[in-house]
Protein chains: 2
Amino acid sequence: MRAAVLHRGQILVRDDVEDPTPGLGQVLVEVKACGICGSDLHFAEHGGDMLALGKQIEGMPSLGGGGDEVDLDRDVYMGHEFAAEVLDVGPDTEAAAPVGSLVTSMPVLLGMDGIHPIVYSNTVKGGYGERMLLSAPMLLEVPNGLPAQHAALTEPMAVGLHAVNKARLEQGEGAIVLGCGPVGLAVIAALAVRGVGPIVAADFSPARRRLAEHMGATDIVDPREETGWQAWSRAGNGRAPVVFEAIGVPGILDDILRCAPAQSRVVVVGVCMEHDTINPFFGISKELNIQFCLGYDPMEFAGSLRSIAEGEIDVAPMITAEIDLDGVPQAFADLGDPDEHCKILVIP
Amino acid sequence: MRAAVLHRGQILVRDDVEDPTPGLGQVLVEVKACGICGSDLHFAEHGGDMLALGKQIEGMPSLGGGGDEVDLDRDVYMGHEFAAEVLDVGPDTEAAAPVGSLVTSMPVLLGMDGIHPIVYSNTVKGGYGERMLLSAPMLLEVPNGLPAQHAALTEPMAVGLHAVNKARLEQGEGAIVLGCGPVGLAVIAALAVRGVGPIVAADFSPARRRLAEHMGATDIVDPREETGWQAWSRAGNGRAPVVFEAIGVPGILDDILRCAPAQSRVVVVGVCMEHDTINPFFGISKELNIQFCLGYDPMEFAGSLRSIAEGEIDVAPMITAEIDLDGVPQAFADLGDPDEHCKILVIP
């Protein structure tokens, strides 16, 4: 089958990738749409650093195959934001959705040999290919005739929902969202569904600011003209906001510690993969709280699909291009420009 | 009157300090005991850096005189951990404790010109002198015949109580306390009063480890032999701990992010006044939470005095020396050795 793979830092399109075969508890699916995630761009460029950093971490929960080694000198399969059609079911397996149905799933493959994240792998195929395996009990059938393109946004929107859940928002609290890329937009959408207000959103890109408004932000600013903090002073009625960091580059966290109102909570949902310098004293003197976030749980993933399918969240304007597998190398290059693109979907 | 002051980085003892006069809402007190705080040592050495860092911070609550400028080229009064006897009451003022009584108070001086922290000031006298002013409505009479030396520990022990309150501990949760200086010991004491267990405590100093045990730590380790994380693996029954950072030097926070079990909460009560480098990815991949802490509220301050006076917390072993004003310069030098000293009290 055909698939776009990462090979020594380059995205290549292969015609001769081995077709996967479903085992016990697995289904074979045909990928209908798969979003390109910013973390995939980062992994393509800095995969070695990311793997080295991951190895330093202690105290991670044991996830069986979660510790799968990735060899960057071999082809790496990626693509974890997918919607797909069920083609076949493994032996002695009951699937949560019938053959022929459109499904999505958390990007985790259960196998007899452990639990494998579908994210970066030399063996487990992802959504940047024609076919892949999913876990039979984890399938979620896409309801309401929702197109595969929109269902593929379930995963990134679940990231926002999870971050909002981790924020422990109380009645009457508002939010500042710094950065309106796909992650920031997902946060804004989840805040809006929950009825949170005001939602101050800040981004340098006019296109992203328009999307922030579409997703439900109430006060959208260009930081060159008015910072998110200034907008909060104007709109926040003197309350301490919950601040969502959805930028993920070095320096942002220290800037937040320096500028956030006293007693604020900061939810870090942007993924900064580099060393970062902070002044703890800024956080101490205002008693700030930092909540780091990652991923989502199965209920949040299902809730994200439901919100999209019920029309609570309109993801259509986030999709700025649809490409085939041959377009993946160029798409990885194009996504660097925030004013050109938000979410590019691969239609294998 | 006599007072030890900070003058251009040196601790000097002055014989000719102007005696303070109580204004409306103030009382004059005679200092009976005043603890030397680690933050005073740091301010004596790095006062310029600390003042510069403070000026960068935005979003601080307005505290009237809280923004008092400190001129390091003039004498600076310090000493915020005090017990004192009420000598005189200002005009038209009703004090919360009678003349002749032993009192303590939060280190804040209310005046007609605003609210002044009693911490570092060119004008507001602190506890390293014979006499000082306190706020008449904020006096707490020392009960149960508690000696002034023990009452002077109210303030540092309140810091620990506040940190424990900020930790939002739930039934059945335990704690790791990294660093057993006065702040770490105050945290351990507050945890023990609340019945939290296990309490893992780690410090390189044998003397501090003995104090940690006295304060109620259940598993006390020398990190050269067993880390706090290893002790938690042994004692924590597989739960995620609340981690108290009571060391306050660069590098500790990143080490905690790297080593703490997934989903841990980290309470930063050590005051790191320098730039610090962290890897946000460590915190992200384990969804850690960081709560920065500072100070205490009036209820916590009163609760701290009550715990000491009722014998719930025995602070006596923390007091490793009592000195007079002439001994203050040497005491600032001596406090660098953690195995020699914990809390030195100035008896002016």
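A salt bridge here is a side-chain nitrogen of Lys or Arg within 4 Å of a carboxyl oxygen of Asp or Glu. This is a predicted model, in which local features need pLDDT of at least 70 and side-chain atom pairs count only at pLDDT 80 or more, while totals for chains, interfaces and linings use all residues. Residues are numbered from 1 along each chain as its sequence is written, chains are lettered from A and ligands numbered from 1 in the order written, and side-chain values use heavy atoms, leaving out hydrogens and water.

**View 1. R2(A) pairs up with D15(A) in a salt bridge.** The closest N and O atoms sit 2.6 Å apart. R2(A) lies in the segment before β1 (3–7) of chain A and D15(A) in the loop between β2 (10–14) and β3 (26–35), so the pair ties together parts 13 residues apart in sequence. (Helices, H or I with at least four residues, and strands, E with at least two, are DSSP runs numbered from the N terminus.) R2(A) is partly exposed at 27% relative accessibility, whereas D15(A) is exposed at 54%. For these labels, buried means under 20% relative accessible area, exposed over 50%, and partly exposed in between (1.4 Å probe, protein chains only).

**View 2. E81(A) and K343(A) make a salt bridge between distant parts of the chain.** Here the closest N and O atoms are 2.9 Å apart. E81(A) belongs to strand β4 (residues 81–89) and K343(A) to strand β18 (residues 343–346), 262 residues apart. Both E81(A) and K343(A) are buried.

**View 3. Over in chain B, D203(B) bridges to R208(B).** The closest N and O atoms are 3.9 Å apart, and D203(B) and R208(B) are both buried. Over all chains, the structure holds 34 salt bridges.

**View 4. Domain 1 of chain A meets domain 2 of chain A.** An automatic or database assignment sets the bounds: domain 1 is 3–153 + 315–346, and domain 2 is 155–292. Contact (heavy atoms within 4.5 Å) takes 15 residues from domain 1 and 13 residues from domain 2. About 1400 Å² is buried between the two domains, with carbon and sulfur atoms giving 71%; buried area is the accessible area (1.4 Å probe) that two parts lose on being put together, summed over both. How many salt bridges cross this interface? The rule finds zero between domain 1 and domain 2 of chain A. On the domain 1 side, helix α1 (residues 38–56) of chain A supplies the largest share, three residues.
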